[in-house]
Amino acid sequence: MSRYAARAAENLARLRAEKPLVHNITNFVVMNYTANVLLAAGASPVMAHADNEVEEMVALAGALVLNIGTLTDTWLAAMLTAGRKASELGRPIVLDPVGAGATRLRTDAARRLLAETRVSVVRGNASEILALAGADIKTKGVDATRSVPEAAAAARDLARSLGTTLAVTGKTDLVTDGERALLIEGGHPLMPAVTGTGCSATALVAAFHAIDPDPVLAAATGLAFFGVAGEAAGDGAPGPGTFMIRLLDTLHTLTPDELAARCRIREA
Amino acid sequence: MSRYAARAAENLARLRAEKPLVHNITNFVVMNYTANVLLAAGASPVMAHADNEVEEMVALAGALVLNIGTLTDTWLAAMLTAGRKASELGRPIVLDPVGAGATRLRTDAARRLLAETRVSVVRGNASEILALAGADIKTKGVDATRSVPEAAAAARDLARSLGTTLAVTGKTDLVTDGERALLIEGGHPLMPAVTGTGCSATALVAAFHAIDPDPVLAAATGLAFFGVAGEAAGDGAPGPGTFMIRLLDTLHTLTPDELAARCRIREA
Amino acid sequence: MSRYAARAAENLARLRAEKPLVHNITNFVVMNYTANVLLAAGASPVMAHADNEVEEMVALAGALVLNIGTLTDTWLAAMLTAGRKASELGRPIVLDPVGAGATRLRTDAARRLLAETRVSVVRGNASEILALAGADIKTKGVDATRSVPEAAAAARDLARSLGTTLAVTGKTDLVTDGERALLIEGGHPLMPAVTGTGCSATALVAAFHAIDPDPVLAAATGLAFFGVAGEAAGDGAPGPGTFMIRLLDTLHTLTPDELAARCRIREA
């Protein structure tokens, strides 16, 4: 067993033992599914976005998810309040820049959250991550239009320049802090046919980060867990509906040993 | 058959015959699942939270659900407007104090709704209910950290002092108005692994209350129905995803006779 | 094969090839399911409602959905902003007047969206559509209380007077622009037991309209697709939970040929 596989198994066991509270300020589309993904995996999700509540809530939490889908200025303000408090308290922040590059509101918001809070990991598709760099690209809504390999070089540089860890997901996932870089295999072709699978990956990265302080290992093991669960859920699934329900089942039942046996993390 | 089992069966039959409109001002996480639970059971759900609409909507409804998950001041204001109108019209109000005790916003909101509207039933877990009493406890996000037995004595006193009916759910559910106290068995270990099962219980209590004016019997029979459906749904379910889907199926197909045969309500 | 069946098959094939972006400003209850329905069918959904983002987003989209469930004045303002931009750019707008007739807010909002933007298709149940006419009716929440045949004559006249296409759904669906009128059979008795099936029909009409400029044919073929998928999903389904998941599966796997063979569109 590789040391990454061992870490993945260890993290999953700790997650289920400690059931960390994960505070999500996320979009309306995926709130329900994200909460179910976190519960299935063993974490304790809470969704709270009131500006006059988020500081208290994040203080109770082990990690904070900031997800800019269905964003408005009011929600951005609450994200900044929560993010600043989390930064002050040393709680890991995981940012999901949904649709960055598609509209100014989203691109600016993602950059502002990066600048004004201590984001530990950014989880996005290649287009969204590249948009953070100010690269001259237009994303098509919230879907990925660039491949992971295309984004890999840019990601290393960008991680270094932003001083954060980037988790770029696609057919192969890439996690890098600018120094280390890990590739993770897994998942299933039905995943992009279900809304919120990317957001769920983000939430799982946060859950793993709540119990693993290393952002690269937390992100890689969280994504590996999601990928292995996705493979198992997709096996024989007749379509995306059945797949998304089975995914909750497999996130719940997959054991640390099974994860260790099947997870495929390697150095880039 | 006990008179409670008979009442449960009668209420379920009436619910399906009358299809009462249940007006929900509830949280973003559970809106979809709550609506599906109410539809599956036989009620007509509507979600509406605009301050300039809720009075008109609640006047059309048989019951009002106020659920403070994902609360903001704007939503609280709409809840107060709707709650006052419902009080004036004699529509039963069922309050779900999601996360009361976890943050000031939620604790204060729950107490204010209790003080300023005629809440007929409060449905929560033991921690949330105890938080209404001002007991010196901190809840862990929105999860229960106290057991039902621990909360039972406090619940009777609290129901009396608040002048409302309390429905405290956990492994065993307790319903009390301070005088009468009923215990309800049922449910399944997978229930806490699905988000919104507590909120769904609240919504079903409201649906039963729309056709049964007795708050203790409405709450007890609504919870018994949910518990029996949960048991049936959980039987052989491979995980929380399949469970939550089967639960909608069983809420839809369970007959009044089956409910009467399996429901376990007893006096405390 | 009728020319309508051929058009349905052609539209489905184009939808899957072109994957048009469908911009939804819709209600909280159905956002997740609507996004999953669009993804399953082959479209690219995006949900965005910030007043300072919607013009940019709708410019990227092939069609715009305006759905007034869970409406507030703020959301209505964003719908008007997006709708005016879409009108200017010639993007088809599909309006879902959820609950029109039930409250003043909703009735007025639906009429204002019709008056101030170029709505291409209105998809609603008979009660909601009739409410647009100012007919003296009260809808029961968001459920249909009038049958399609009752609404048919009024629909033709109303379509002509409003200068839009009306898609009135029920046991039999009716699509008319005042001149042409088509009837569509399909669906399953479990559909009304799942929240958001009407809203999903609306979203599919928008997706089909993004690749078919004829509003009558886009609406009729989109509804026929949904109806055929619903029939297949309902076959043997034990209840509404399983049904709603299978519906996503069938929307994903149904082929254009199967659609052509099973779709039942005829002239009224």
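Guide: Before we start, copies here are superposed by least squares on the C-alpha atoms of residues with pLDDT of at least 70 in both.

Visitor: What kind of model is this, and how are things numbered?

Guide: This is a predicted model: local features need pLDDT of at least 70, side-chain atom pairs count only at pLDDT 80 or more, and totals for chains, interfaces and linings use all residues. Residues are numbered from 1 along each chain as its sequence is written, while chains are lettered from A and ligands numbered from 1 in the order in which they are written.

Visitor: Why are chain A and chain C said to be related as by a three-fold rotation axis?

Guide: Chain A can be laid on chain C with an RMSD of 0.0 Å, using a turn of 120° and a shift of 0.0 Å along the axis. The two copies are thus related as by a three-fold rotation axis. In chain A, the C-alpha nearest that axis belongs to Phe28(A), 3.8 Å away.

Visitor: What makes residues of chain A and chain C part of a contact?

Guide: Two residues are in contact if their C-beta atoms, placed from the backbone, lie within 7 Å. By that rule, 25 residues come from chain A and 27 residues from chain C. α10(A) gives the most to this side of chain A, with 4 residues; helices like this (H or I, at least four residues) and strands (E, at least two) are DSSP runs, numbered from the N terminus.

Visitor: Which element supplies the largest share of the side of chain A that touches chain B?

Guide: That contact takes 27 residues from chain A and 25 residues from chain B. α10(A) has the largest share of chain A's side, 7 residues. By class, this side has 16 nonpolar, 7 polar and 4 charged residues. Ala, Val, Leu, Ile, Met, Phe, Trp, Tyr, Cys and Pro count as nonpolar, Asp, Glu, Lys and Arg as charged, and the others, Gly among them, as polar.

Visitor: Why are α1(B) and α9(B) called roughly perpendicular?

Guide: Helix α1 (residues 3–18) and helix α9 (residues 215–234) of chain B pack at about 80°, with their axes 9 Å apart. Axes are lines fitted to C-alpha atoms, for helices over the stretch in contact, and angles run from 0 to 180 degrees between N-to-C directions. Angles of 65 to 115 degrees count as roughly perpendicular, and α1(B) and α9(B) are therefore roughly perpendicular to each other. Their contact divides into 7 nonpolar, 2 polar and 1 charged.

Technical notes. Angles under 35 degrees count as roughly parallel, over 145 as roughly antiparallel, 65 to 115 as roughly perpendicular and the rest as oblique.
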